[in-house]
Amino acid sequence: MTVALAHERTEGPRADAETVVLIGSLGSDRSMWNPQIGPLSGSAHVVAVDLRGHGASPVPSGPYSVAELAEDVLALLDSLDLRRVHLVGLSLGGAVSQWIAIHRPERVRTLTLLCTSAKFGEPAHWLDRAAAVRSAGTASLADAVLQRWFTPELSARDADLVDRHRRMIVDTSDEGYAACCEALSDWDSRSDLHRITAPTLVIAGRQDPSTTPEDLRIIADGVSGSTFRVLDPAAHLANVEQAGPVTAAIAAHIGSDAYAVGRAAAHAAGMAVRRSVLGDAHVDRSIAARTDFTAPFQDFITRTAWGDIWNRPGLDHHTRRLLTLAILTAVGNQHELDMHIRAALRAGTDPDILAEVFLHTAVYAGVPNSNSAFGLANAAIAETSAETESGTS
């Protein structure tokens, strides 16, 4: 018997736009697709799904099967009067998407499979995990799951992202998680991959320990005419770690306007970096102050400065912070300098490091500007210390 799945539906720019359905990983909810929902909505309707036992969807007693999870999705599509859709599935969602493409091919326009497998290891592993979750809860394995979801480098530089996804795992129903482990225990599509006829894009994460590039290669080799890509760096949640490239690849695969979606994907990637560097409070104030007149400039800065330059792999964010502070000091841009000093302090930069930057800049760019930088930093350090003491008293 099917269950009514919780979902988020966004409307595309036209009533006749096609629909993309996003189905996520074990232990996730539909918010894991936030990097894709906004950009893809620029040219398509988007439906992001909570599988049974996950997010806000019902939690019937297990065990479940992948077929049951897939029938839930088909029932949702029927309720929304969606006959054929572009299916995008990651991990468990990829297994569900494979099942639909194999058994209900008339419902699938295109298929995108990310970080998934035609067989997820040995059944005993999943049955043991199901028993462990029923005994100790999802919180007991959250840290281990996060180590597979993100590369160590991403986890080290974005603690907020890790914390958000830890809460996602912990908030997943124990029974729902365990019952989906049981669904994965007997999943094996290897002998049926040749039955998939939808145009198929297969994406792997180079550093994914759960579903390796070799696992995804099996799918790509089994589906006639499929396209195979490996993203680097990327662990299991490649759609988060490589949000821009994944969104652009999906958009190109489903035939969306590559230019419009590419800009949207760059904006989404830039906004994530901007929030990571400057903090949510500052960015939220900037967005609230945005007007129709300033919006194009805000979009330009987000896509180029934050989405391109700050997102390049050649320098880490700490190094880019220090370069930015030195350059702003040298050119005497006190407004931007004050903003970046405060952002650096909020991010945990040691005030002694700031002093070294300003001393170095004094030698090569002039004492007066560095003197002003010391003054701004001194005021910011004092205010930050006062706020910390107030918050702990």
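Reader: Let me start with strand 2: which residues point one way from strand 2, and which the other way?

Author: Before we start, keep in mind that this model is predicted. Now the strand: T19, V21 and I23 point one way, while V20 and L22 point the other way.

Reader: And are those residues buried or exposed?

Author: They are all buried. Here a residue counts as buried when its relative accessible area is under 20%. Strand 2 covers residues 19-23, and five of its five residues are buried, so the strand is mostly covered.

Reader: Which strand is strand 2 joined to, and by how many bridges?

Author: Strand 2 is joined to strand 3, residues 45-49, by five bridges, and the two run parallel. To find one spot on your screen, look for T19, which stands opposite H45 in strand 3.

Reader: Okay, what about empty space? How do I look for that?

Author: The general idea is that rolling a probe the size of a water molecule over the atoms shows where empty space is left. In this model, the largest pocket holds about 1,500 Å³ of space. Its lining has 48 residues, and D158, L161, V240, A272 and V273 are the closest to the centre.

Reader: Which helix gives the largest share of that lining?

Author: Helix 12 does, with nine residues. Other helices that supply at least two residues each include helix 1, helix 7 and helix 14. By type, the lining has 22 nonpolar, 12 polar and 14 charged residues.

Reader: How much space lies in the second largest pocket, and which residues lie nearest its centre?

Author: About 570 Å³. It is lined by 22 residues, with L278, H282, E336, M339 and H340 nearest the centre. Helix 16 gives the largest share of this lining, seven residues. Helix 12 and helix 14 are among the helices that supply at least two residues here too.

Reader: Can we zoom in on one residue? Where does T302 lie, and is T302 buried or exposed?

Author: T302 lies in helix 14. T302 has a relative accessible area of 0%, so it is buried.

Reader: What does the side chain of T302 reach?

Author: Two partners to look for: the side chain of T302 makes a polar contact with the side chain of R274 at 3.2 Å, and it reaches the backbone oxygen of Q298 at 2.8 Å. Leaving out residues up to four places away in sequence, T302 also touches several others, including A266, H267 and G270.

Notes. Residues numbered from 1 in each chain as written. Predicted model: local features only at pLDDT ≥ 70, side-chain atom pairs only at ≥ 80, totals over all residues. Heavy atoms only, no water. 1 Å grid on protein atoms, 1.4 Å probe; cavity = no way out; pocket = protein on both sides within 12 Å on 5 of 7 lines; lining within 4 Å. Points joined across faces, edges and corners; volume = space filled by probe spheres on them. Helix = DSSP H or I, 4+ residues; strand = E, 2+ residues; numbered from the N terminus. Nonpolar A, V, L, I, M, F, W, Y, C, P; charged D, E, K, R; others polar. Buried < 20%, exposed > 50% of the residue type's maximum accessible area, 1.4 Å probe, protein only. Polar contact = N/O pair within 3.5 Å; in protein donor to acceptor, adjacent residues only side chain to side chain. Contact = heavy atoms within 4.5 Å. Pairing = 2+ DSSP bridges.
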